[in-house]
Amino acid sequence: MFNKVLIANRGEIAVRVIRACRELGLQTVAVYSDADRQALHVRYADEAYRLGPAPSRDSYLRADRILDIAKQSGAGAIHPGYGFLAERADFAQMCVDEGLAFIGPKPSSITAMGDKAVARATVSAAGVPVVPGTEGEGALSDDELLALAPQIGFPLLIKATAGGGGKGMREVRSLEEMPELVQSARREAEAAFGDGNVYLEKLVEGARHIEIQILADTFGNTIYLGERECSLQRRHQKLLEEAPSPFVDGDDELRQRMGAVAVRAAQSVGYVNAGTIEFLVDKDKNYYFLEMNTRLQVEHPVTEVVTGIDIVKEQIRIARGRPLRYTQDDVRLNGWAIECRINAEDPYNNFLPSIGRITHISTPTGPGVRVDSGIYPGFEISPYYDSLISKLITWGETRAEAILRMRRALEEFILVGVRTNIPFHQNLMDSHRFMGGQFDTRFIEQRFSMEAADINKDDHAEIAAILATLVAHRQTQRAANIIQRGARDTSNWKWLGRWERLQR
Amino acid sequence: MKYITTIGEREFLVEILSDDQIIVNGKLYHVDFQDISEQPVYSLLLEGKSIEAYVYPVEKTWQVLLNGRFYPALVEDERERSLRVAAGSQVQGRGEYQLKAPMPGLVVTVAVVEGQQVEKGEVLVVLESMKMQNELKSPRSGTVSRVRVASGDRVEQQETLLTVS
């Protein structure tokens with residue numbers, strides 16, 4: 001059994017896994033790229049080794065280097081986090097071949113669920129409905145895709161075969177606009193995954209994205225930890241998640257049915273460890289299997305908060321060959337949890353990623369607040385990795401309390417130096433449709449605008465003007481003082497020049 | 001000391017009488033203004049109302065982050081103000097817009113050619129960075145006068161990509 005874990009990831013998730021290891025008394029090994037030498041995960045781990053240059057393919061995607069470091073450091077297990085190598089069956093297999101425990105599912109399960117055609121066929125056989133589409137038809141040419149599109153019907157989605165996270169995904173409303181969209185989807189998929197293959201899928205309109213967290217041990221026990229509501233997305237990137245879902249809450253029968261189906265889907269591929277079954281749910285509560293994520297999810301904390309189960313620690317226990325400590329009856333949902341993904345993106349400028357040095361952070365604390373983050377004052381946000389920098393999670397006895405707490409926590413959360421989407425989340429918390437739980441996966445793109453939300457906000461321009469003037473005045477006064485003093489050995493102009501440079 | 005502070009379309013005439021008294025658009029306020037340690041954090045007690053904000057310079061303006069919202073403020077004394085107004089019409093005029101890379105990245109597509117007419121909001125360049133393809137749009141209508149990059153180019157932050165005039 002292993003006592004030392006290598007974390008093959010970076011950022012907040014690497015920190016999250018290190019924390020779980022610490023609590024279990026396990027030694028930790030971090031790996032880092034040249035851009036991350038000073039990152040928190042390197043500083044928190046017991047050991048840290050360099051992988052290579054900043055780009056992911058030269059560092060966090062270098063499976064060979066990671067395995068070398070594992071051997072060199074004497075790590076007995078590898079936790080892949082999410083992204084990077086987390087859903088690469090070949091990497092999981094290499095770990096197994098080297099005698100390392102891969103903290104995740106068996107390579108065969110990753111393959112089965114990673115190949116969407118097999119996944120769909122498998123879960124269909126287990127009695128789970130799937131969304132109509134061309135998955136499983138293999139690598140289709142542009143002409144074949146165009147010919148098949150009318151059979152599926154518009155609107156439809158183009159999705160990357162190797163995909164995830166919304167990359168290489170395009171929505172098509174008509175046959176005319178399709179050729180161009182296929183091209184751009186292929187290009188993005190090629191850049192993101194090194195595989196330009198795409199498939200088509202019918203777009204379920206008014207759909208909600210609801211997923212079920214499952215845990216499975218090596219003794220054949222599989223349980224579900226309730227659902228997560230993940231409908232609030234922009235360009236198919238999740239922005240806010242909650243547990244439970246306002247759409248499912250109050251309908252225990254639906255939750256049990258979806259949970260049982262998720263467990264069956266997992267068992268159909270002999271699944272072990274933590275995983276997530278994603279469903280699309282239409283307004284009549286019909287649910288369709290979307291895909292299975294064979295890894296830890298970004299949004300796992302909301303489930304942890306309402307169930308009280310530490311999913312990462314359970315992952316490690318399962319990988320150490322222990323039986324699950326919970327039965328299905330032990331799983332109880334207590335209250336409500338919401339997670340806001342804090343991204344370095346400017347909500348006032350088309351959510352453009354923002355890079356630069358974080359000069360100041362004030363992190364929310366207090367009752368019912370959890371922050372999972374990989375940043376600190378002075379940390380440089382680089383263009384090499386994705387823009388998620390922190391996750392803010394609040395718990396409330398009710399959904400309303402969780403929302404009010406989130407509002408309060410967002411007010412306390414100050415990040416200076418890069419633009420973040422905090423103002424977006426603040427506007428979302430004030431949105432009546434969000435409060436009422438009336439939203440689908442298109443809500444952010446189609447019905448939500450920062451400009452409209454800001455109009456309803458209190459305007460503090462006068463106070464802002466007073467503050468700016470007082471700060472400017474203070475600076476002018478200080479500059480004047482420096483010039484007035486005559487007894488300095490260097491020229492006052494030189495002093496002023498230095499002082500001004502310091503203020504930049 | 002008198003200042004004219006502009007936020008968006010609105011102007012505020014702020015006169016600082018002393019450390020604890022100011023007049024804003026003709027109204028007298030008692031203030032207590034402190035900076036918190038070495039950070040750009042300021043605490044203002046305005047007639048007893050406790051306000052905390054982050055204020056830091058960005059180019060010629062002050063960025064005020066107050067209650068989760070940014071207010072870019074231009075603070076000028078009377079002399080600066082009259083100088084700017086005198087020069088105003090020319091600077092404000094229809095100068096060139098230079099599209100600069102907001103971050104380092106890879107140019108995926110240049111969607112326009114030199115001499116092309118573009119509308120406000122039209123995509124000019126697709127720049128890949130932080131694993132995302134980012135569409136850089138034109139802030140106004142005009143003619144693309146110069147294109148300095150091609151698809152496949154790596155660009156640095158603040159590098160000029162093209163010019164709209």
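Strand pairing in chain B

A: T6(B) stands opposite E11(B) in β2(B). This is a predicted model, in which local features need pLDDT of at least 70 and side-chain atom pairs pLDDT 80 or more, while totals for chains, interfaces and linings use all residues. Residues are numbered from 1 along each chain as written, chains are lettered from A and ligands numbered from 1 in written order, and side-chain values use heavy atoms, without hydrogens or water.

Strand β1 of chain B covers residues 2–7, and strand β2 of chain B covers residues 10–18. The two run antiparallel and are joined by six bridges (a strand is a DSSP run of E with at least two residues, numbered from the N terminus; two strands pair if DSSP finds at least two bridges between them). β1(B) and β2(B) make a hairpin, with two residues between the strands. In that turn lies G8(B), whose phi is positive, at about 60°.

β2(B) also pairs with strand β3 of chain B, residues 21–24. Here the sense is again antiparallel, and the pairing of β2(B) with β3(B) runs over four bridges. E15(B) faces I23(B) of β3(B) across this pairing. Between β2(B) and β3(B) there are two residues, and these strands too form a hairpin.

A separate set of strands in chain B forms an open sheet of four, in the order β13-β12-β10-β15, with antiparallel pairing. β13 (132–137) and β15 (154–155) of chain B stand at the edges, where each has a single partner strand, so one side of each lacks a neighbour in the sheet. In the sheet order, β15(B) comes next to β10(B). Strand β10 of chain B, residues 105–110, joins β15(B) by two bridges in the antiparallel sense. In this pairing G105(B) stands opposite V155(B) of β15(B).

Chain B is split into domain 1, residues 2–92, and domain 2, residues 97–164 (bounds from an automatic or database domain assignment). Taken over C-alpha atoms, the centres of domain 1 and domain 2 of chain B are 34 Å apart.
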